[in-house]
Amino acid sequence: MSEQSTPETVEPRTESHDPAVPAAYAAFMREGWGDRELDLAVEPVAARAAERRSKLAATFPGDRLVLPAGTFKVRSYDTDYRFRPDTAHTYFSGNQTSDAVLVVDDGESVLYARPRSSRDTDEFFRDRQYGELWVGRRPSLKEMSDALGLEVRHIEDLPSFDDDRKTRDITTDDDLARVASELRLVKDAWEVEQLQEACDITTLGFEDSVREWDEVLRYGERWIEGTFFRRARAMGNDIGYDSIVGGGSHATTLHWIDNTGPITPGTLVLLDMGVENRSLYTADVTRTLPVDGRFTSLQRELYDLVHAAQQAGIEAIRPGEPFKVAHNAAMEVLAHALADMKLLPVSAEEALDPDSRVYARWTLHGTSHMLGMDVHDCGQAAPAAYAEGTLAEGMVLTVEPGLYFQEDDLLVPEELRGIGIRIEDDILVTASGYENLSSALPRTSAEVEAWMDEHRR
Ligand SMILES: [Mn+2]
């Protein structure tokens, strides 16, 4: 299974401005290189990935299952985004390199992968996408096999699978995508450690942002986005999703990822940011901070309402409860609060009727989603296993209620317009209840103020 025998079947990916490569240069480049194949130890994820593949194969006996990692996506012309493998591919293989395809064939697994460039072709010194001298060394087939505990073959040897056997490709087969999602619903102890690490690095990223508050005031939302990203790259793999930095009324835009606005004294700033760790597990945390370090009395009143709703949602979590239990508990609090504020056109009870939901004009979204290697994890699970299902020990979900008063909402008093507040934590379902994995960040209004005092220079 040596890649040395692979024929030169693909033209190197070059650019029109690259200098010519005369035969003499090409020939000279191909000789005189030492072989530096590494001895790699098996990675911790390998045994788990093998167990996961067994479960997956057992669900589809006799079928051939195909799970691609995906490839680079163009940002503009010949500039690509940083590669991040498909979650299901990595969950079932452990592999994080691009362009690989995991094939589980009646229980036997092979990873077809693109290895380091051989020195028998021009790829290693001419190819801008995969060439070792351009983008760095990819692992060899043997290195990948050793690290992942899997048989690994060259991607160019991937068969066409045009026989009579049933082949399911996860990118087109809904049943395979569904089962792959459902198998990820319950996290094992190692996965919980990964999520805890992601939350801990996320905490540092939030602290970094507050520590640089003078720069935040000078440069606005962009500074927080950049500051958090620096921590994510330094200690994790990346951010798990585009950071949402909503200063002032931008906080009422649920997925404000432009992050181009100012941070203005007297207002709030909503930060929804999560680090993806190097095993690709992500946190998803939101805090809403007073720019001045102190909430105004109105801001505090609204903040405390959202906190009370979140607390009710978190405390409702235990195994056997419906997935929606946190949402329902939080909405109960917020609907009554909105009724007390005389904003609802009907009573809180009437508004909470599933056929009404008029209170949601100001709460907008559900409070919870599963969390794991995807920020919206397990999204292809059947409703019966997820949104309509029950919580089980080992599941990790967010609880993130919010109140949003749009700038142009004529149905609320002027003083509320342009205020958005969300508080979000990452909650592990334990045998007896729950554990908050992101509890290192402050949540009550008093704790938030003390924490800002502590970290602001
Ligand atoms: Mn979330």
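Contact here means heavy atoms within 4.5 Å. Before you start clicking, know that this is a predicted model, where local features need pLDDT of at least 70, side-chain atom pairs count only at pLDDT 80 or more, and totals for chains, interfaces and linings use all residues. Residues are numbered from 1 along each chain as its sequence is written, and side-chain values use heavy atoms, with hydrogens and water left out.

**Stop one: helix α12.** Select residues 325–340, a helix of 16 residues. Helices (H or I, at least four residues) and strands (E, at least two) are DSSP runs, numbered from the N terminus. From first C-alpha to last, α12 reaches 23 Å, close to the 22 Å expected at 1.5 Å a residue; that expected span is 1.5 Å times one less than the number of residues.

Now colour the buried residues (under 20% relative accessible area; exposed is over 50%, partly exposed in between; 1.4 Å probe, protein chains only). In α12 they include His327, Met331 and Leu334. Show α11 (297–315), α13 (348–352), β13 (396–399) and β14 (402–405), which are among what covers them. Just after α12, click Lys342 for a positive phi of about 65 degrees.

**Stop two: Asp377 and Arg184.** These two form a salt bridge, with the closest N and O atoms 3.0 Å apart. The partners sit 193 residues apart, Asp377 in the loop between α13 and β13 and Arg184 in the loop between α7 (174–183) and α8 (189–211). A salt bridge is a side-chain nitrogen of Lys or Arg within 4 Å of a carboxyl oxygen of Asp or Glu. Asp377 is buried at 1% relative accessibility, and Arg184 is buried too, at 6%.
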